[in-house]
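Here are my notes on the model you sent. Please read them with the structure open beside you.

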Amino acid sequence: MRKAADKVFKLFRRDSVNRMSEAASATTTTTSAPGAEKLSKNELKRRMKAEQKLKEKAEKDAKKQDEAAEKPAKESGAGHAESGAASGISEDISPNEYLKLRSQAIEKLKASGDHPYPHKFHVSISLQDFIEKYSNQIKDGESMEKEICSVAGRVHSIRRSGAKLIFFDLRGEGVKIQVMANAKVYESEEKFHIDMDKIGRGDIMGVVGYPCKSKKGEFSIMPKSIQLLSPCLHMLPHLHFGLKDKETRFRQRYLDLIINEKIRQKFYTRSRIISYLRKFLDDLGFLEIETPMMNMIPGGATAKPFVTHHNDLNMDLYMRIAPELYHKMLVVGGIDRVYEIGRQFRNEGIDMTHNPEFTTCEFYMAYADYNDLMTITETLVSGMVKYIHGSYKVKYHPEGEEGEEVEIDFSPPFKRVSMVKNLEEVLKVKFPKTTEFYSPETNKFLDQLCVKHEVECPAPRTTARLLDKLVGEFIEEKCINPTFIMDHPQIMSPLAKWHRSEPGLTERFELFVMKKEICNAYTELNDPFVQRERFEQQAKDKAAGDDEAQLVDENFCTALEYGLPPTAGWGIGIDRLTMFLTDSNNIKEVLFFPAMKPEVSNPNKEGTEENPSSSNQVGK
């Protein structure tokens, strides 16, 4: 850019010098030739000043070009240097009109034989690698013309500094580079103008060029050629304002990812959580497995299932609510350590922490009990937090980014709370014996307790549901740092083994963080006679109107009759864990495509998130 300015200055200087020489000659001539006009000293000074101004103007123009290279994109679209769209299409029109005009421009390109959707563009280096490899090798104002590279990305900003110098912000893979398109170094000036007119903000484009830096140190790529790879027909939101409307973000996740880099990072963190979990279990000798998504009986958890229909068999099937029973069958078959990371489906409400389909990890470990699993859980969860954040302490905003900040400390060991004993301490009341929890008297006692403390429990008001509501109100609300709520009554845990020292209870625990359950585990019930009795009690609850109660699974009972070794089972909710480790207070933030209510035609009608689920999306 500076060279171009110097070249212009030299041309004007040469012309000025020639004129001054002529003037000098004229002066000499006037001295010797009678009647010739003599050039005055003032005229000579005037021409010298004009020459100086010309030099200053050339330097000023060169400086403006350097500043244009450094100037960040005006994301709001304001300012004369900002150009948003191709072929002179303004962004000061309606989105529909913009779509129409851009579509027409693309059709013209197709008709001319210059197809805007090529089959292939060779990328020789990623944007991130391009930055890492060359940004520190080049000094300010220098270039590496022999290092020809081809990169590609999405155009987020276009800034023009005259007709022959255009700057693009090219983004991809979470990074940004500047494209400094100069007609003087392009393959041809005619091709430069043709190619530049094709590119609009939001387009995917490929660039072949070499790395360079402006005099102020802005790392860029100087293109020899630019190719439109896929045009963006819609008006792209500006990075300066971002995309904040949640409905748009969740329904058009691709647009959310284009604009909001922070959202992209949340999903990278989610992937790291799953990778860490998988490696941790692999290192302990677990085998990763896959089990059916559709079942004749919805078992393995207390939840309401989705129903589908198999045409060939002409029968209804249930989408799985948990893979637990299949896992234990495999342990019966001799695979002592199994785990599965996958989707579960529960036909329940949608709220801030519930989605109808969600991801869990469940594992089953022969010759272990719930004490072993508490130790494993502490090691796994605390180690994962340290791996991702570099510390056991995590900042979390339960009411959103603008709300109060809470620090969650994942340092082991985690606090342990016995469910029934803690309820007795908090409510200052003596519960019936846990061996009598199946009795109508206990049900009446808990019902009155809920009424007294104004704890809501929709029908059916079974003993298990009343207990669950009391725990949610008086214990879970205090669990900010990781806390094990343990030793659940048998009536709440039909698949867990009875407690070896506390009759009527089970060897079960749930891990709560920030008042929400993320993990559920227990010593597995392996007595087929007791298991059948538990199933029959669940069947009675279902007959009483509890849609979430489990049915008798004869196939599973038969498997237990072949002998299940002492086993412990464990499940964790990937989505909720990701929420806490990415500071997200809404489960939709950590799901690429969350369940959404149908869009309504009435723009004034606001959708609500109602009917929160009564079950917990953590597996088991």
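**Notes on the fold**

1. Start with an open sheet of 3 strands, ordered β7-β9-β8 and paired in the antiparallel sense. β7 (294-295) and β8 (307-310) are the edge strands; each has a single partner strand, so one side of each has no neighbour in the sheet. β8 is joined to strand β9 (residues 315-319) by 4 bridges, and the two run antiparallel. H309 has D316 of β9 as its bridge partner. Strands are DSSP runs of E, at least two residues long, and helices are DSSP runs of H or I, at least four residues long, numbered from the N terminus. Two strands pair if DSSP finds at least two bridges between them.

2. A word on the source: this is a predicted model, in which local features need pLDDT of at least 70 and side-chain atom pairs count only at pLDDT 80 or more, while totals for chains, interfaces and linings use all residues. Residues are numbered from 1 along each chain as its sequence is written, and side-chain values use heavy atoms, with hydrogens and water left out.

3. Next, strand β11 (residues 357-366). Of its 10 residues, 9 are buried. Buried means under 20% relative accessible area, exposed over 50%, and partly exposed in between (1.4 Å probe, protein chains only). Strand β10 (residues 337-345) runs antiparallel to β11, joined by 9 bridges. F345 is bridged to E357 of β11. β11 also pairs with strand β18 (residues 567-573), antiparallel, over 7 bridges. There, E362 has G571 of β18 as its bridge partner.

4. Which residues have the most contacts inside the largest nonpolar core? They are C361, F363, L373, F509, W570, I572 and L581, in a core of 47 residues. Helix α10 (residues 370-389) gives the most to this core, with 9 residues. A nonpolar core is a set of buried Ala, Val, Leu, Ile, Met, Phe, Trp, Tyr and Cys residues joined through side-chain atoms within 4.5 Å. Apart from this core lies another, of 30 residues, including M144, I166, A181 and M205.

5. F363 deserves a look. Not counting residues up to four places away in sequence, F363 touches L281, F286, V338, Y339, L373, I376, A568, G569 and W570. Contact means heavy atoms within 4.5 Å.

6. L127 sits in helix α4 (residues 127-134). L127 is buried because its relative accessibility is 1%. Leaving aside neighbours within four places in sequence, its contacts include V151, L170, E173 and I177. V175 is also in contact with L127; their C-alpha atoms are 6.9 Å apart, although 48 residues separate them along the chain.

7. Now two peptide bonds to check. The bond from P412 to P413 is cis, with omega near -5°. P413 is in the loop between β13 (406-409) and β14 (415-418). A459 and P460 are also joined by a cis bond, with omega about 0°. P460 is in the loop between α12 (440-452) and α13 (463-474).

8. Finally, two backbone angles. Most residues other than glycine have a negative phi, and most peptide bonds are trans. K428 has a positive phi of about 55° and is not a glycine. K428 lies in the loop between α11 (419-427) and α12, and is exposed, with a relative accessible area of 72%. D487 has a positive phi too, near 60°. D487 lies in the loop between β15 (483-486) and β16 (508-513). Buried or exposed? D487 counts as buried, at 9% relative accessibility.
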